Amino acid sequence: MLRPLSTWRRVTTAATVLALAVTGLLASGTAPADAASAAWTPKPAPMTTPWTDQVPVDNPLPEYPRPQLTRPDWANLNGIWDFAVTSRDAGQPSSFGEQIRVPFAPESALSGIQRKITENDKLWYKRTFTVPSGWSGRRVQLNFGASDWETTVWVNGQQAGAVHRGGYDSFSYDITPLLNSGATNTIVVSAYDATQTGGQAVGKQRIQDITPHAGRSIFYTATSGIWQTVWLEPTAAARVTRLDMVPNLQDNTLRVTVRAAGADGASAKVTVSNGGTQVGSATGTVGQQFSVPVPNARLWTPEDPFLYDVTAELSGSAGADRVGSYAGMRSIAVRNVNGVQRPVLNGSFVFQSGTLDQGYWPDGLHTAPTDAALRYDLQKHKDLGFNMVRKHIKVEPQRWFYWADRLGLLVWQDMPAMDSGKSPSAAARTQWENEYRAIIDEHRSSPSLILWVNQNEGWGQYDQARIADMVKSYDPSRLVDNMSGVNCCGAQDGGNGDVVDNHNYVGPGNTPTEPVRASVLGEYGGLGIRVSGHEWYPGGGFSYEDQPSLSALNDRLVGLLDGIRENSLPAGGLSAAVYTQITDVENEANGLLTYDRQIVKVEEARVRAANQALITASRTVGPTVKLPVEQYVSIRVTTPGHTDHYLRHQDGLGFTEVVNSGSTALLKEDATWKVKPGLANRLCYSFESRNYPGEYLRHREFRVRRDANESSTLYKEDATWCPVQGSGGVRLSASGFPRQYLRHINAELWLAQQGGTHTWDNPASFVPDTTWAISAPWAP
């Protein structure tokens with residue numbers, strides 16, 4: 001059916017283009033719904049978000065889709081397309097018996113199809129359009145934000161360029177030679193998506209029933225075919241295809257590479273502005289990096305996410321293609337801060353506190369129903385005091401990155417994983433790496449994006465070290481994480497990159513520190529509670545630790561954040577932590593928000609205060625507390641009235657007892673310990689028994705005892721203590737359980753937590769009971 005593009009608009013200045021593009025006012029789209037589209041209806045979503053019913057039929061997601069490369073004219077092809085499903089090897093069908101609302105995947109309710117798609121199916125899309133008369137004499141580009149996975153495009157019966165393979169990167173075709181001038185044009189698109197059966201990058205997509213069902217799966221309903229905006233734009237024959245922008249704070253310049261087509265050897269002029277006032281300008285050769293001065297640069301930070309306006313214009317015989325963009329001036333690196341490797345933003349360390357953001361929607365699956373919805377999750381991060389977000393094995397549309405850039409959130413971007421538990425084939429590896437480079441190219445100029453996460457928990461893992469080196473070489477302006485969750489699930493650490501990344505549920509615990517890489521916690525938390533009336537499958541939700549009430553959830557979450565602030569940050573050397581997760585997803589009920597975004601489960605002000613306290617503390621964090629390594633010490637009680645008591649072992653258990661010059665030699669030996677580097681963390685310590693070499697002070701089921709070294713990871717964690725400065729001594733927190741301290745009570749030694757529910761957590765004299773003086777050894 002014919003859907004003329006009668007509402008395209010033209011804006012004359014780059015600054016206006018950018019302003020309208022990012023606010024959603026520049027929206028060239030299809031005409032009002034015709035009779036066929038008026039007959040189309042969405043399917044009922046398993047859960048409705050606040051935006052489910054706000055999606056236009058013929059012009060969904062009308063905002064300009066590419067904020068970092070804007071032009072004044074464009075036409076949105078989102079809306080109702082004819083649709084058919086055939087067997088995977090079939091050719092184009094003779095008829096298209098259904099209709100789908102693009103860009104929502106056919107598995108989703110918002111598409112109007114809501115049907116499972118398998119590896120045996122091929123999707124077919126069809127629509128017609130006319131080219132606006134105002135575009136005469138220019139080239140016409142057909143752009144796809146993303147289509148999963150193997151996509152072929154025909155215009156008026158002729159294939160438009162090569163088949164595109166990849167589910168998360170954008171692609172375009174110059175369709176000018178294929179157009180019928182001044183007449184109706186027909187686009188046909190086929191998409192084949194084998195999901196986890198095909199070997200490609202799939203993230204958490206799995207072929208499964210689309211109706212809610214019971215289960216404890218951390219994998220979700222697949223998204224097949226077109227799932228981001230499809231649109232047309234007219235360009236000059238010589239056109240800018242990408243702006244690669246890297247801020248350099250050392251010389252206050254923006255280093256720019258103008259990528260272009262049909263403009264070999266041409267020059268390009270790039271101008272940086274602030275509120276309409278030019279800041280700097282420079283001219284360079286297309287395809288070569290050159291520097292644009294940005295004097296007295298206003299730095300981009302989460303607290304002040306300032307963006308400069310950028311324009312780029314081709315000059316000379318190449319023509320006068322002009323595009324608008326934006327940039328943020330910031331740097332990211334890892335350096336030594338008070339003896340600990342830390343990530344530094346603009347030269348200063350600030351703790352990165354974020355959440356795991358999976359980017360799924362109950363009505364649109366991979367596709368947020370509206371741009372306001374896309375922004376909402378990021379805004380909630382800010383409302384809750386987080387300064388970072390880890391986009392978990394999914395890549396969002398460019399407008400998501402724009403909102404992260406504008407709102408001020410540091411972004412860790414995962415490369416979507418191949419299927420877990422499999423060794424990828426050579427062809428799959430080549431495709432995965434090609435898609436990864438395309439994703440880097442697409443988002444390399446976003447100031448919010450500071451870290452690439454290559455692989456996760458060993459899913460489809462291979463060549464970790466080589467890939468980390470490849471990514472670092474391809475984008476040296478950002479940090480690289482070779483493997484998130486190196487301690488989990490058979491994952492193997494490549495040993496390189498900029499960070500070492502553990503997962504710890506519930507945690508938070510500590511990631512062992514290293515001399516070169518910064519220590520981060522790629523996942524922790526997972527606290528959950530089901531909210532009646534807001535469950536994907538009622539009664540089916542699960543978490544890593546169910547909470548009995550919303551108040552308990554708040555207390556536990558704030559306790560985890562406080563534990564990081566009090567112990568993991570200053571004592572354990574932790575520099576970043578990612579809480580699981582911002583929203584529930586299908587049967588996972590461990591979100592801070594429900595899956596439908598209707599309920600915020602936690603007290604925003606209280607969580608925000610805890611995050612702000614953590615971030616503020618990181619700005620002034622000093623050196624870690626130092627103990628005399630490889631020397632004998634005795635550990636004295638500081639509780640008033642008991643300061644003649646010392647920590648000792650007896651029959652394998654830990655106690656406190658009076659020790660003085662008249663005590664037996666055995667008691668003095670039992671009360672003497674050799675300080676060793678922490679078995680699980682070099683910034684912390686382990687205490688080896690003097691008279692039982694090889695046996696260490698450790699906690700087990702809360703009781704503290706002397707046990708032989710089992711060499712297991714768990715033993716090393718349990719036998720590692722991280723000191724924080726206390727009043728009149730040091731407090732020794734468990735390496736794996738921040739906020740849980742070595743405590744004496746009734747002469748027994750326990751791992752205790754203030755506010756805990758056990759008898760040994762008794763609040764009476766809790767702080768002095770958990771404060772110890774490191775003294776000269778009774779048995780040197």
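This is a predicted model: local features need pLDDT of at least 70, side-chain atom pairs count only at pLDDT 80 or more; totals for chains, interfaces and linings use all residues.
1. UniProt, in an unreviewed entry, places the feature "domain: Glycoside hydrolase family 2 catalytic" at residues 373–485. In the model, that span is 44% helix and 15% strand, and its end C-alpha atoms lie 30 Å apart.

2. Next, take a look at the aromatic rings. The count of aromatic pairs comes to 25. One of them is formed by W124 and W154, whose rings are stacked, with 5.7 Å from centre to centre and 20° between the planes. W124 belongs to strand β4 (residues 121–129) and W154 to strand β7 (residues 150–155), so this pair links distant parts of the chain, 30 residues apart. W124 has a relative accessibility of 2% and counts as buried, because the cut-off for that label is under 20%.

3. Y646 and W778 make another pair. Their ring centres are 5.6 Å apart and their planes stand at 85°, so this pair is edge-to-face. Y646 sits in strand β37 (residues 645–650), while W778 sits in the segment after β47 (772–775), so the pair ties together parts that are 132 residues apart in sequence.

4. R703 lies over the face of F655, at 5.0 Å from the ring centre. R731 lies over the face of Y741, at 3.9 Å from the ring centre.

5. Y741 leads us to strand β45 (residues 737–745). Eight of the nine residues in β45 are buried, so this strand is largely enclosed by the rest of the structure. What stands opposite Y741 on the β44 side? There, S733 faces Y741. In β46, the bridge partner of Y741 is A752.

6. Finally, follow the strands on either side of β45. Strand β44 (residues 729–734) pairs with β45 in the antiparallel sense over two bridges, and a hairpin of two residues joins them. β45 also pairs with strand β46 (residues 748–753), again antiparallel, over six bridges. The hairpin of β45 and β46 has two residues between the strands, and in this hairpin N746 takes a positive phi near 55°.

Terms used:
Residues are numbered from 1 along each chain as its sequence is written. Side-chain values use heavy atoms; hydrogens and water are left out. UniProt positions are given in the numbering used here, feature names are shortened, and annotations may be inferred rather than shown by experiment. Helices (H or I, at least four residues) and strands (E, at least two) are DSSP runs, numbered from the N terminus. Rings of Phe, Tyr and Trp (its six-membered ring) pair if their centres lie within 6.5 Å; planes under 30 degrees apart count as stacked, over 60 as edge-to-face and the rest as tilted. Buried means under 20% relative accessible area, exposed over 50%, partly exposed in between (1.4 Å probe, protein chains only). A charge sits over a ring if NZ of Lys or CZ of Arg is within 6 Å of the ring centre and within 35 degrees of the ring normal. Two strands pair if DSSP finds at least two bridges between them.
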